[in-house]
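Try each task before you read its solution.

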Amino acid sequence: MADDNEPRIHLDHATLRFGARTIWADLTLDVAPGEFVAVLGPNGSGKTSLLKTLLGLAPLTSGTVEVCGRPPHKGSSVVGYIPQQKGFDRDIPLRGRDFVRLGLDGHRWGTPLPNKKVAAAVQHAIESVGAADYADAPLGLLSGGEQQRLRVAQSLMGDPKVLLCDEPLLSLDLNHQQAVTALIDARRKQSQTSVLFVTHEVNPVLPLVDRILYLVDGRWAIGTPDEVLTSARLTDLYGTEIDVLHVRGRIIVVGGPESAHAEPGASHHHHPHDDDHEPDLVIGRRGRRSPHSSDH
Amino acid sequence: MSLSYYLGQSFAQHALIAAGLVAITSGLIGPFVVTRGAAFAVHGTAELAFTGAAAGLLVANNPIAGALIGSLVVATAIGTLGGRARERDSVIGVVLAFGLGLGVLLLSYYHGFATEATNILFGQIFGVSSGQVVLLVGIALVVLAAIAVLYRPLLFASVDPEVADARGVPTRLVGVLFLFVLAITVTEAAQIVGTLLVLSLAITPAAAAQRLSSRPAVVTALSITFAVIAADGGLLASLESNTVKASVFVTFISFGIYVLVRLINLVVRSRGTRRQSRPYA
């Protein structure tokens, strides 16, 4: 892949509108092979819509978008996708192994037949995420962290050049957050896979992040964490007074009209599907929750 | 008269073949019905097959053709009107209630044999002609072929619609095609167990199978096996008893298998063979 220096994701004055509402405008961004870009911003700022555009599910209103040199299209094999951990029904008739295989051929018509090559590829993916112990257990009985590891394995089955992650750490405890980010990081280092990582908590991935794309109300900022996560830059972006605090190696963003309660280190209870009124200004680790409280 | 006497008769042979075919197709789609949470869609489709059958009886004295048209119309309505699961269920409920009322109205205009009407609701397997057996074989082959083609994307869309969408599975199309397959299967099954008891072949065997395995292929095989045991077993029991309808035995055997499987689950669990708790991996 040494010759492959073309940007994996290319956005040029990309604008997305839903009706009269502008999600983001004139977004211009190139993501290099092996680059890790975190996408931050308040709820409703179009982070997930950006992934949908790159998946070919939300066409641009104007501008250009290319993934690996081509317009994105549904079912592209160069793109891997890891969604939030949502949990499966307990009685879902699927083992972890079957779930991982869907990433390889689940979109093709027909009935899957036993195939040694496929089985070996599935096994390899399972081992690469350390899920061999529970790959034959019913998917619905696995913990959130185990399911999320299998999602990573599934997303890698198609050998993607671009990995799109939509809040993949949400509702995982600290151990599993670190495990899942380590897996994603290992993949991009081994295979020069570019990663676009949507999150509302930058701290768990901060050591891996090359650049940050920060979306607010149709505006955006791009740069290294040191460039973007500054009081001046975010004040400019939000159009209101913002403070970026560094507390014990973590970055906490405080400010905005409703920030009176948002003290450094305070927990915030935002969920991406909560209401969109209050800006998600605190990018901190969730308060003092017990490490296992959010895992199933 | 003895069971062995009946088994020499062509009407009983036809019935056994027909019941077997119905069981195979119902058992095949059952796991998808359960995984997609489409049990109510099965019920709704079956009930409206009744309305179609009543109309078919009245207009052309052909309840089967009427039932097939009725269930296909309903499948189209469910597929196009109901997007989300909750919305879909309320749409089914709305259409179901109206359709049943319409069916009762249609029947009140029908002055043929009264048993024809009850047969739609509760099934009548005996009296299947060799021509109808050929038709049932044809329907079963269509359903088998459709599921063989749909299997992978349907599984993907059923267990993880969001990622399936992102991977290029036409989830909406796959869902509507499945509803058509469902409609055809349900209409076929209704000939044996009646529209009211279709769930005993389309849901119960699959629900039992899912409690025994989580391998998709094993679940499908078990579901088909249970359905065949219930359908043909119910038929043989009915021949033996001489007075009770086959559909009664079919539902009893089907339910019996389900209860048995749940008891096995209980025993296995109380013996502590549940997956051992693992340290965080």
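**Exercise 1.** Describe how H7(B) passes H9(B): is the crossing left-handed or right-handed?

Solution. H7(B) crosses H9(B) in a left-handed way. Keep in mind that this is a predicted model. Next, take the angle and the distance. Helix H7 (residues 130–159) of chain B packs against helix H9 (residues 171–193) of chain B at about 150°. Their axes are 10 Å apart. Angles over 145 degrees count as roughly antiparallel. H7(B) and H9(B) are therefore roughly antiparallel to each other. Now look at who meets whom. From H7(B) come residues including B:Leu136, B:Ile139 and B:Val143. Their partners in H9(B) include B:Val174, B:Phe178 and B:Glu188. The residues of this contact between H7(B) and H9(B) split into 15 nonpolar, three polar and one charged.

**Exercise 2.** Work out how H3(B) and H4(B) are oriented to each other.

Solution. Start with the numbers. The axes of H3(B) and helix H4 (residues 63–81) of chain B come within 6 Å and cross at roughly 140°. That angle makes H3(B) oblique to H4(B). The crossing of the two, H3(B) and H4(B), is right-handed. Among the residues making the contact are B:Gly44, B:Leu48 and B:Gly52 of H3(B), and B:Gly66, B:Gly70 and B:Val74 of H4(B). By class, the contact of H3(B) with H4(B) has 14 nonpolar, eight polar and no charged residues.

**Exercise 3.** Compare the span of H3(B) with the expected one, then say how covered the helix is.

Solution. Helix H3 (residues 39–60) of chain B has 22 residues. From first C-alpha to last, H3(B) reaches 31 Å. That is close to the 32 Å expected at 1.5 Å a residue. H3(B) is mostly covered, with 17 of its 22 residues buried. After the helix comes B:Asn61, with a positive phi near 55°.

**Exercise 4.** Why does B:Ile253 count as buried?

Solution. Then count neighbours. The cut-off for buried is 20 or more C-beta atoms within 10 Å. B:Ile253 has 21 C-beta neighbours inside 10 Å, so B:Ile253 is buried. Leaving aside neighbours within four places in sequence, B:Ile253 is in contact with B:Ile229, B:Ala230, B:Gly233 and B:Gly234.

**Exercise 5.** How many residues of chain A are in contact with chain B?

Solution. The count is 29 residues of chain A, against 27 residues of chain B. On the chain A side, helix H2 (residues 96–105) gives the largest share, three residues. That side of chain A has 14 nonpolar, seven polar and eight charged residues.

Notes
Residues numbered from 1 in each chain as written. Chains lettered and ligands numbered in written order. Predicted model: local features only at pLDDT ≥ 70, side-chain atom pairs only at ≥ 80, totals over all residues. Helix = DSSP H or I, 4+ residues; strand = E, 2+ residues; numbered from the N terminus. Expected span 1.5 Å × (residues − 1). Buried ≥ 20, exposed ≤ 12 C-beta atoms within 10 Å, placed from the backbone. Contact = placed C-beta atoms within 7 Å. Nonpolar A, V, L, I, M, F, W, Y, C, P; charged D, E, K, R; others polar. Axes fitted to C-alpha atoms, helices over the stretch in contact; angles between N-to-C directions. Parallel < 35°, antiparallel > 145°, perpendicular 65-115°, else oblique. Left-handed = near helix turned anticlockwise from the far one by under 90°.
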